[in-house]
Amino acid sequence: MSSPILTRDMDVMAFIEVAERESLKSGRKFGLDCYTNQIELITAEHMLDAFASHALPIMYPHWSFGKSFVRHEADYRKGRSGLAYEVVINSNPCISYLMENNTMPMQLMVIAHACAGHNSFFKNNYMFKEWTEADAIIEYLAFAKNYILACEEKHGRSKVERILDMSHAFMHYGVDKHKRPPKLSVTDEKARAAERAEAVRLQYNELSRTIPKDAAAGAGDKEKNYPAEPESNLLYFIEKNAPKLEVWEREIVRIVRKLSQYFYPQGRTKIMNEGWAMIWEHIIGYDLYEQGIIDEGFMMDYLIQHTTGLIQRDFDHKYYNGFNPYALGHAIFRDIRRMSEHPTDEDREWFPEIAGRDWMQNLDFAMRNFKDASFIQQYLSPKVIRDQKLFAIDIREDDKSKVVVNAIHNDEGYRQVRRQLAEQQNIDAHIPDIQIRRYDRTGDRTLTLVYHSRRGKKLTPESRKCFEKLKDVWGFGVVVETLNEKGDVTDRYCP
Amino acid sequence: MAFLVDRRFTSKNKNAGNRQRFIERYKGQLRKHVEDVANKGTIKDNATGGNVEVKITDIAEPSIGQQGGDSERVLPGNKKYVPGDKIPREGGSGGSGGEGSGDGQGDGEGGSGQLNEYSFVLSRDEFLAILFDDMELPRLMRRDSGDMAAVNVELSGYARNGSPSRLSVKKTVLNAIGRRKAVHASRQAQIDDLVEAIEAVRAAGDGVEALRLETELAELKARFAAHPVPGFEDHDVRYRNFDLTPEPITKAVVFFLMDSSGSMDEGRVNLAKRFFSLLYHFLSVKYEGKVAQRFISHTETAEEVDEKTFFGSRENGGTVVFSALELTEKIMREDYGDGRTNVYIAQASDGDSFGADPQKSAKFAIEKLLPETQYFAYVETNEETGEDDSNLWSAYEKMKDMGNFSMRPLRRKEDVLPALRSLFAKETKK
């Protein structure tokens, strides 16, 4: 065999260049379709940037949907301080960040994972195509970052943080789930911001200050309820209606709203996206090894890193921390391939459309057309359920001392387990249903929110902190009512 | 095809704005870590410690979530259960806990509620800067007005002009030697050229030409003899040059008073030393050498010592606080009597003095010291202060009325930093 092209003693930039080229070439053989990569080599200090700036640098970690920590748990146990850090952005060109002090096998792994895996997912999965615009986002992120920095300079950091913190607290309430978002354009945004500032300026009229307040309220004529329909896009409502916000503060709320929309798909495809990236780590790694581009020693290190990311602890393990999305996603994708190439009778019975068919097409179809909840519902097989020994439990409010097992990995239980796991990963079903029911615009400006509680759930104490922030920004009364399924008000909270 | 960008070499500077922003943003957490390290570390660590590693947890901001109620969940790793089995909950295992709105019942990573840890290394200076962030020497004033600036004089190279007292003989002589050599060499070269020409002509047999040239040579030599190369010329002379930098007018001195008597056992001495060592670092970090420090150690007599002895030694003897105060006053009068220096006093003792000493000391302080000082801080290294006040503590209580005196007890190691902090807290601007 000729000597390997990728070795540990290469200069890191040269390594990255060759690694990216070979990995993408390898991926293309198997049908991967990616944006052009833009790889940035950074130091630990740059990661500081992400933690330091509350503004929205491209690597802002709070937007944790947009980043993944690669195997940080394993690294910590090995005593390494610092993180093997991978950040990749859904953009065109696809920007990713590699840390300078990763080992070469690690760099290759991150390239296969992010620059091939995540990249192709961003480009082709339907949720990303519908909700985000990879071409426009970088410019928008830069606009957002600069706008916020300018506000910090002009108005002071703590005022900006106040608005940002409140907006972040309601990050999940900034999306119109039933409308497709309009196209992002920085020129439009800037023009709009200027227009709004101008409109406010034109409306300002000295005389209106002199009108006595009672007359302004309109002589006892109560307004019909505003808003006419309850509003679930809380950030949108706040942006448009909050009585005490300055123009620049509304802009910041808008920015958070736009960005939460941008990150909407990422929260809902985490398992698929990570599983997809892991699969390609595996496939590309083996392919490069078989071509002799990397040697045995290198491959060993690569595999060791790769597999530590696939650790899934059992539910009763000391360090159990929920489902590892990398492991679960990888397991399902791998299983799809297995069923394509070596189907058993069980597979043919359960998955007739994919058993025995072309694995590349099967994988590609899955990647394009599903999100986590539907992916699990469609593709989780009895074999994976058995491998992972999945089981389903009932948790009941009226008996907190125990939980009851309702299904396990046997014939009677497979469908139940699958359905429950799919539902469990359906984030939208678990975000507390909170809507704005009333804003007393002409009266005392109280904002009334309603939380629809289902199946006996209650808001966490931490939620109150969020409402306090809202009250602080709103400037007038805020009321949060809890409604049970019958429509009775079971709780009334005024932050 | 791909774009590769190498960002490693941009903003390598440790003082880049982002590092500062980071420290600002995480000040709360950093402060806590830094205090832990300061409290737990040995005194030597505080003095000589290098970079400090702290772990920052990126605290995810609060988010809306719901909990409780009825739900179902799927878990991995079933060992023995069949449907219908009941698993006891300890509140925290597997099934219970809040559902975050972003992370699907605690599964997976990301989403709110997940803490990201980041290891961050502080240089010693940053460490100390954070530790002493909200501290200052109170009432530090410009005692001077007008043009009486002190000037700092530093040697800085050579100049061609200056006063005779600043003449640099060495440089001048060196220049002269060099010049003389050069001129001699050029003259010699002219002579040598002529001599060579004469010999060539002689060898060619032209006697007439040779004679003419010899005459020329003789004239040349005579000319040279008539104009000897001067030993020194103005051109050679150099003077030492001085750089004048103005010194800041605000000056301060801090007196460290340590009770080294026998009653100060090792624990108490360590508390005092810890306090003084932190104070010392505070001054070096915040005032970078602009503050003078005087160290006074006393038993029944007082003596001024150097920094090393102050922090290092232990003596034995009785306790007469008055001796230290008296010595302090003497030094103040002799060295800082011009009224242009802010004087601060920091005293540590276990309060274990007897007889007339406490009252005498307090009276002396009120009459002679406090009027001349900006601030006097007293710490008592005594576990029983508060329950059973020492004689000195009770005597000193009167001094509080003067307005520039404060006292704090130091019962345990953990009290030191808070005490230092509160004694030297920044005055908030009204």
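## A buried aspartate without a partner

Let's begin with Asp372(A), which is buried but takes part in no salt bridge; Lys270(A), the nearest side chain of opposite charge, lies 8.6 Å away. Please keep in mind that this is a predicted model. The salt-bridge cut-off is 4 Å between a side-chain nitrogen of Lys or Arg and a carboxyl oxygen of Asp or Glu.

Asp372(A) belongs to helix α18 of chain A, which covers residues 372-379. Leaving aside residues up to four places away in sequence, Asp372(A) touches Arg268(A), Thr269(A), Lys270(A), Ile271(A), Met272(A) and Gln425(A).

## A bridge across the chain

One of those contacts, Arg268(A), has a salt-bridge partner in Asp428(A), with 2.9 Å between the closest N and O atoms. This pair ties together distant parts of the chain: Arg268(A) sits in helix α12 (residues 264-268) and Asp428(A) in helix α21 (residues 427-430), 160 residues apart. Arg268(A) is buried because its relative accessibility is 8%, under the 20% limit. Asp428(A), at 22%, is partly exposed.

Over all chains, the structure holds 45 salt bridges. In one of them, the side chains of Arg337(A) and Glu341(A) meet at 3.3 Å, N to O. These two residues are 4 places apart in helix α15 (residues 325-341) of chain A, so about one helical turn separates them. Arg337(A) is partly exposed at 25% relative accessibility, and Glu341(A) is also partly exposed, at 36%.

Arg396(A) and Asp394(A) form another salt bridge, their closest N and O atoms being 3.7 Å apart. Here Arg396(A) is partly exposed, with a relative accessible area of 28%, whereas Asp394(A) is buried at 18%. Elsewhere, Glu189(A), Glu239(A), Lys240(A), Arg254(A) and Arg257(A) are joined into one network by salt bridges that share partners.

## A negative patch on the surface

Asp345(A), Glu349(A), Asp411(A) and Glu412(A) make up a negative surface patch. Among them, Glu412(A) is found in the loop between β6 (402-407) and α20 (414-424) of chain A. Glu412(A) counts as exposed because its relative accessible area is 67%, over the 50% limit.

## An arginine in a chain B loop

Turning to chain B, Arg139(B) is placed in the loop between α4 (124-131) and β8 (151-159). Its relative accessibility of 32% makes Arg139(B) partly exposed.

Arg139(B) touches Asn342(B), Tyr344(B), Gln374(B), Tyr375(B), Gly403(B), Asn404(B) and Glu427(B), not counting residues up to four places away in sequence. Arg139(B) and Glu427(B) are 288 residues apart along the chain, yet 8.7 Å separates their C-alpha atoms.

How values were computed:
Residues are numbered from 1 along each chain as its sequence is written. Chains are lettered from A and ligands numbered from 1 in the order in which they are written. This is a predicted model: local features need pLDDT of at least 70, side-chain atom pairs count only at pLDDT 80 or more; totals for chains, interfaces and linings use all residues. Side-chain values use heavy atoms; hydrogens and water are left out. Patches are made of residues with over 30% relative accessible area and no salt bridge: like charges are joined within 9 Å, nonpolar side chains (Val, Leu, Ile, Met, Phe, Trp, Tyr) within 5 Å. Accessible areas come from the Shrake-Rupley method with a 1.4 Å probe; for residues, only the protein chains shown count as cover. Lys and Arg count as positive and Asp and Glu as negative; His and the chain ends are not counted. The place of a charge is taken as NZ of Lys, CZ of Arg, CG of Asp or CD of Glu. Buried means under 20% relative accessible area, exposed over 50%, partly exposed in between (1.4 Å probe, protein chains only). Contact means heavy atoms within 4.5 Å.
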